[in-house]
Amino acid sequence: MSACPIENIIQAQPLAEGAGVVVHRTIGTPRLRNFDPFLMLDHFGSDNPNEYIAGFPNHPHRGFITLTYMLDGHMLHEDSMGNRGDLRAGGAQWMKAASGVIHSEMPQQTDGLMRGFQLWINLPANQKMSPPAYQEFSAEAFPVAPYGDASVKVLCGELHAHDKSNKIVGPITDPNTDIFYFDVAIKSSGAVDIPVPTGHRCFVYCYDGHASLVSEEGEHVIPQHCLVALGFGKKICIRSSNVDAKLIVVGGQPIGEDIVQYGPFVMNSRDEIERAITDFQAGRLVQEKAGFTTNTT
């Protein structure tokens, strides 16, 4: 099985978002504007509440999905249609903004910690004006299993056992891009090969320690807070050195359509962007109440 080749290595860039919250962005920067079907990846986190306490007050979205995964701390959230919740450490929320959502997110510390990720996923043209929806699950809903020299938490998609006799399935589903999203903790001097479905574009982001990727071109170190964009292949080969490492490993089916983005609006044409701006200014961006699927036990 051929390993996915490395296309690009992106160091996270600090940027101020919301009411001044500093995030570290890889996808969605000048070096990697988008990585179809992915539009943006932010890694947020700080032990200083002054850096994020103002949070992300009410802001609009249209035309895409956000997937938020909390590592530490928690995130209070609510939208203009009355949905609200508290995303705790280890939990994740898939929010399909689609035709329109106006919401707020307020990060909070737990035991002095607050860390997580937000990934933006594109929607195909025929889904951009569909009804919004949420899928939200607590940490306990996500299966965790040993795999090679690693422990893998499956948020989305399927991880097949080495002997193909069984599979581990995450509770979050994205019917348009068939994404998988794994949180991988690999032991020092360990090795793990993650299989990749045919046609998926993948990336790896190292958030603790450091690791290496092995491909036909050789072995490449992934420093902490770096994203590696991968080409098409059958597996992702991760190796650790003398330290433990933690990474997110994500892939999805490319959509292959035009992407026109203006801040929180992601559509297929300039005319559609102008309509989104007009709808927002006129107070008609939100057209339908979002459905909510949740497990917060």
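Modeller: What follows is a look at strand β19 and what surrounds it. The model is predicted, so local features need pLDDT of at least 70 and side-chain atom pairs count only at pLDDT 80 or more, whereas totals for chains, interfaces and linings use all residues. Residues are numbered from 1 along each chain as its sequence is written, and side-chain values use heavy atoms, with hydrogens and water left out.

Strand β19 covers residues 201-208. Strands here are DSSP runs of E with at least two residues, and helices are runs of H or I with at least four; both are numbered from the N terminus. β19 belongs to an open sheet of seven strands, ordered β1-β22-β19-β24-β17-β14-β13, and the pairing is antiparallel. Two strands pair if DSSP finds at least two bridges between them. At the edges of this sheet are β1 (6-11) and β13 (144-147), each of which pairs on one side only.

Eight aromatic pairs turn up in a search of the whole structure. Such a pair has rings of Phe, Tyr or Trp (its six-membered ring) with centres within 6.5 Å; planes under 30 degrees apart count as stacked, over 60 as edge-to-face and the rest as tilted. F203 forms an edge-to-face pair with F38, at 5.3 Å centre to centre and 90° between the planes. Because F38 lies in strand β4 (residues 38-45) and F203 in β19, the pair ties together parts that are 165 residues apart in sequence. Both F38 and F203 are buried; buried means under 20% relative accessible area, exposed over 50% and partly exposed in between (1.4 Å probe, protein chains only). F117, Y205 and Y207 form one aromatic cluster.

The whole structure has zero disulfides, a disulfide being a pair of cysteine sulfur atoms within 2.5 Å. The closest cysteine sulfur to that of C4 is in C202, 5.0 Å away, which is too far for a bond. C4 is buried, with a relative accessible area of 4%, and C202 is buried at 0%.
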